[in-house]
Amino acid sequence: MAATLLGLLFVTFMIGRVMPIDPVLAVIGERATQAQYDETFRELGLDRPLIVQFGIYVGNVLQGDFGTSIRTGQQVADDIARVFPATLELATLGTLIGVFLGVPLGVVAAVRRGSWIDQVSRFVGLIGYSMPIFWLGLVGLLLFYGILAWVAGPGRVGIFYQGIVEPITGMLLVDSLLRGEWAVFKDAFSHIILPASLLGYYSLAYISRMTRSFMLEQLNSEYVTTARVKGLSESTVIWKHAFRNIRIQLITVIALAYANLLEGSVLTEIIFAWPGIGQYITTSLLANDMNSVLGGTIVIGTIFVCLNIFSDLLYRFFDPRSK
């Protein structure tokens, strides 16, 4: 894990150095004098050897210092702490939708292999993989918001409810429940349900497909045939024996799906004007704010690595052989 994170820091450091953006001009502007340019150049440590700059960069990151955002004028760490809970809330709800619908769908498709349920499951997965998420988002807004008016529009909450709930976790649904602000919760849920459902559909397509593949492998095993010969009920064979043996594989699949939603919800956040880290990184990139871009990249990469480590730790709980 340490080697992976060190490699991530090295890659982000080199990206910051090879980008065709002058970090000095990004700080002081193009109208600064040469003396101001030289002074800022030294203050940023750009006159030192590259290996020394990397050591300083690693030391600052380990202390949670990603630099100052040129766009907002605040510490990047503070900006990320402000916007990341919105992405966490959106990705978590999307993953829950994908898991609670995708796993049963994959199991049923495997058990009823070749039936119309299996065909529908595979078709749903194919559509989820084939359709661009930004196209589905635009169609969803047009249909469910513009025409049917079933959900609220872009944004995290309506203008009327902004600033009512004092942040606790930063996740608006959770905070509104903890504060007892039911009107805010209802409005926030109406805003999040459409983008979360789209991310959940994308996650469902992956999870259901992998679940079906894992279950087919188990259902064709000899121990399943033996259990059926012994007279065990079909539900016991499926859920207590076959499904129990694919839980370990599903842990990795779900962890990867969750990580992909955390790092890959950029287009969804832009379409739905969702103030998360994806939109933050994109806006910062367009403004040549590399401190913010690299800081957000490091946070997302670290979370991706930690989720993989967490899934490995769960193996010890679900698989006695690993103890």
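This is a predicted model: local features need pLDDT of at least 70, side-chain atom pairs count only at pLDDT 80 or more; totals for chains, interfaces and linings use all residues.
**Entry 1: helix H9**

I started with the span of H9.

Next I looked for a bend. I found one of about 35° at isoleucine 193 in H9, with proline 195 following within four residues.

A handy reminder for myself: an α-helix has 3.6 residues a turn, so residues three or four places apart point the same way.

**Entry 2: the aromatic pairs**

How many aromatic pairs does the structure hold? I read off eight. One of them joins phenylalanine 160 and tyrosine 161, an edge-to-face pair with 5.1 Å centre to centre and 85° between the planes.

I then went back to tryptophan 182 and phenylalanine 185. Why is this pair edge-to-face? Their planes stand at 75°, and over 60 degrees counts as edge-to-face. Their ring centres are 6.5 Å apart.

**Entry 3: buried or exposed?**

Phenylalanine 160 is exposed because its relative accessible area is 67%, and the cut-off for exposed is over 50%. Tyrosine 161 is partly exposed at 24%. Tryptophan 182 counts as exposed at 57%, while phenylalanine 185 counts as partly exposed at 23%.

**Entry 4: a cluster**

Last, I wrote down one aromatic cluster, formed by Phe10, Phe13, Phe54 and Tyr57.

Conventions: Residues are numbered from 1 along each chain as its sequence is written. Side-chain values use heavy atoms; hydrogens and water are left out. Rings of Phe, Tyr and Trp (its six-membered ring) pair if their centres lie within 6.5 Å; planes under 30 degrees apart count as stacked, over 60 as edge-to-face and the rest as tilted. Buried means under 20% relative accessible area, exposed over 50%, partly exposed in between (1.4 Å probe, protein chains only). The bend at a residue is the angle between axes fitted to the seven residues ending there and the seven starting there. Helices (H or I, at least four residues) and strands (E, at least two) are DSSP runs, numbered from the N terminus.
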